[in-house]
Structure formats: C-alpha cells, structure tokens
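Please look at the sequence and the structure before reading on.

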Amino acid sequence: MRHWLIGLGIAVACLLASWALLVLLARRLPPGILRDLAAFIPDCLTTVRRLRRDPRVPRRAKAAIVFAGLWLASPIDLIPEFLPVIGPLDDIVVVALALRYAGRQVPRQVLLDAWPGEPRLLLRLLGPAPAEPAAEGRER
C-alpha cells in the first residue's frame with residue numbers, strides 16, 4: 001500500500017509540475033508558436049468558462065463546450081499528462097473538436113469575443129468561415 005501511495009504522489013506532483021510549466025511558459029516565452037502552444041490550454045479553459053455563461057450559445061454547443069472543459073479538468077486521460085510533449089495531446093484534440101462544433105453553432109464573433117488569446121489561433125482552428133447564402137434573385 002505504501003508503494004502505491006508513493007506512486008500516486010509522484011504522479012500528482014508530475015501533473016502539477018506540468019501545469020505550472022505550461023503557465024510559466026505561456027508568460028515567459030517570447031511571442032511565437034511555442035508561446036501560443038503553451039497558452040492554448042489556459043486560453044481554452046477561459047473560453048469554456050465564458051461561452052458557458054453566454055446566452056447567445058445554443059444548448060448543444062454549451063454541452064460540447066462543457067464536456068471539453070470537464071475533459072481538460074479531469075485527471076483521467078487517454079494519454080497521461082505527465083508524459084512530456086504528448087501528455088496534453090488528447091486534451092487539445094477534444095477541445096479543438098468541441099470548438100469546431102461550437103463554431104458551426106455559434107456566430108464566429110461570439111467565439112472570438114470569448115477567446116482571450118491570439119485570434120489567429122482560433123480562426124485557424126475553426127477553419128474557413130461558412131459561405132454566405134447567395135442572395136435570391138441574383139443571376140450570373
């Protein structure tokens with residue numbers, strides 16, 4: 001039993017250390033792709049919190065967003081967090097899929113208003129804006 005508790009303590013310490021490293025890197029790195037990647041998960045959590053409270057977001061999109069937020073906060077993952085580089089990969093994929101889904105349900109400006117990070121990252125994640133429907137009566 002003692003060995004199990006020691007292992008659990010080490011795993012929790014590694015998880016907390018990886019979160020602290022992400023926060024530190026997000027604040028200390030110079031602007032660029034590495035800083036954007038380090039800030040991605042904290043920005044996602046902030047976006048989830050903001051969109052959950054926004055009345056313009058439909059229930060289905062809120063459900064997807066809340067699921068992604070719970071996935072991020074959950075200590076149970078497909079890929080353990082303490083593995084360097086690939087640890088947060090499952091979190092990023094789940095959040096990316098939830099935001100893409102929400103991007104089809106919610107006006108793009110609502111998502112951009114909720115995103116605290118660099119807007120180009122969210123725009124790249126969401127993909128191209130949906131095409132505007134052709135005006136009726138317009139001929140070629």
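## Overall fold

The protein chain has six helices and zero strands, in the order α-α-α-α-α-α along the sequence. Helices (H or I, at least four residues) and strands (E, at least two) are DSSP runs, numbered from the N terminus.

The model is predicted: local features need pLDDT of at least 70, side-chain atom pairs count only at pLDDT 80 or more, and totals for chains, interfaces and linings use all residues. Residues are numbered from 1 along each chain as its sequence is written, and side-chain values use heavy atoms, with hydrogens and water left out.

## Burial and contacts

Of the 140 residues in the protein chain, 32% are buried. Buried means under 20% relative accessible area, exposed over 50%, and partly exposed in between (1.4 Å probe, protein chains only).

Among contacts (heavy atoms within 4.5 Å) with a separation of 6 or more, 50% join residues 24 or more positions apart.

## The salt bridge

A salt bridge is a side-chain nitrogen of Lys or Arg within 4 Å of a carboxyl oxygen of Asp or Glu. The count by this rule is one: the side chains of R56 and D54 meet at 2.8 Å, N to O. R56 is partly exposed, at 49% relative accessible area, whereas D54 is buried, at 11%.

## A charged patch

R49, R50, R52 and R53 form a patch of positive charge on the surface. Patches are made of residues with over 30% relative accessible area and no salt bridge, with like charges joined within 9 Å and nonpolar side chains (Val, Leu, Ile, Met, Phe, Trp, Tyr) within 5 Å. R49 lies in helix α2 (residues 33-53) and is partly exposed, at 39% relative accessibility.

Definitions and conventions
Accessible areas come from the Shrake-Rupley method with a 1.4 Å probe; for residues, only the protein chains shown count as cover. Lys and Arg count as positive and Asp and Glu as negative; His and the chain ends are not counted. The place of a charge is taken as NZ of Lys, CZ of Arg, CG of Asp or CD of Glu.
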